Amino acid sequence: LDYQDDSQKAEVLYALTPVTAMCGFRSFEDINYNLKKLIPSSYEAYFESAKDIADLFYRLYTLEKDLLKCVVDELINNLDKSGEESIINGSYLSARGIVENVYPLYGVDPGVLAPYLLNIIHLRPGEAVYLKPTVLHAYVKGNGVELMSLSDNVLRGGLTHKKVDVPELMSVMTKEATKPDVCKKSTDRFLREKIETPTDDFNL
């Protein structure tokens, strides 16, 4: 079963150390630019005619294992073309750095391409990001306090050895480009910091 209860799961991550996370899809134009540059052969073969983010995501996540291996291999072989350093400011991972970290762990997994599909956000200690339900995300590096709604519902989108239910994921996830924002903060009369999140499910 994909769902353990009737509740949605919103969450917020408050960074205790420098944090690198992936949150929500980049623009369709940005995704196409990245894939065309880093996996030109695979892009032409499988993704060039995709009509939107949802179509491209579905094509990637339903590739046969041997074809997916070719895609991932091409990405790994072309990482130098990204023009990125792996580490930013000594603390954060670039898209290239994320690939180099997750590939040895998960190998032929469509999620290895996630840094070029999803927005990358860097949180300094004391900053927080809010993730509304249905937004695809992953916390990649760093330590933080994660607070979420009272729900055990999880749908996975790769970078896991557990089940990925692609049809159900496609039916509920936000498939449009989104821009994650660092949460605003306020201070109460006791000088406690409050993280402003657009949900009544919790307060941090």
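Accessible areas in these entries come from the Shrake-Rupley method with a 1.4 Å probe, and for residues only the protein chains shown count as cover.

**Entry 1. Surface and conventions**

I looked up the surface first: the protein chain exposes about 11100 Å², and carbon and sulfur atoms supply 50% of that area. I note that this is a predicted model, in which local features need pLDDT of at least 70 and side-chain atom pairs count only at pLDDT 80 or more, while totals for chains, interfaces and linings use all residues. Residues are numbered from 1 along each chain as its sequence is written, and side-chain values use heavy atoms, with hydrogens and water left out.

**Entry 2. Overall form**

I recorded six helices and 10 strands in the protein chain; these are DSSP runs numbered from the N terminus, helices being H or I of at least four residues and strands E of at least two. The C-alpha trace spans about 60 × 40 × 30 Å along its principal axes.

Of the 204 residues, 46% count as buried; buried means under 20% relative accessible area, exposed over 50%, and partly exposed in between (1.4 Å probe, protein chains only). I also examined contacts, defined as heavy atoms within 4.5 Å. Among those between residues at least 6 apart in sequence, 76% join residues at least 24 apart.

**Entry 3. Nonpolar cores**

I searched for nonpolar cores, each a set of buried Ala, Val, Leu, Ile, Met, Phe, Trp, Tyr and Cys residues joined through side-chain atoms within 4.5 Å. The largest has 38 residues, and Phe25, Leu35, Phe47 and Leu75 have the most contacts inside it. The elements that give two or more residues to this core are β2 (19-25), α1 (28-38), α2 (40-47), α3 (53-61), α4 (65-77), α5 (95-106) and α6 (166-172). The most comes from α3, with six residues.

I listed the partners of Leu75, not counting residues up to four places away in sequence: Leu38, Ile39, Val99, Val112, Leu113 and Tyr116. A second, separate core holds 10 residues, including Cys23, Val129, Leu131 and Val135.

**Entry 4. The loop between β8 and α6**

I located Arg156 in the loop between β8 (144-148) and α6. Arg156 is partly exposed, with a relative accessible area of 28%. Leaving aside neighbours within four places in sequence, Arg156 is in contact with Lys162, Lys163, Val164 and Leu169. The C-alpha atoms of Arg156 and Glu168 are separated by 9.9 Å.

Lys162 lies in the loop between β8 and α6 and is exposed, at 55% relative accessible area. I found Leu159 in the loop between β8 and α6 as well, where Leu159 counts as buried at 17% relative accessibility. Phi of Leu159 is near 55°, a positive value in a residue other than glycine.

I noted a positive phi, near 85°, for Thr134, which lies in the loop between β6 (128-131) and β7 (137-141). At 39% relative accessibility, Thr134 counts as partly exposed.

Thr197 is placed in the segment after β10 (193-195) and counts as buried at 16% relative accessibility. Neighbours within four places in sequence aside, I found Thr197 in contact with Val12, Tyr130, Cys183 and Phe202.
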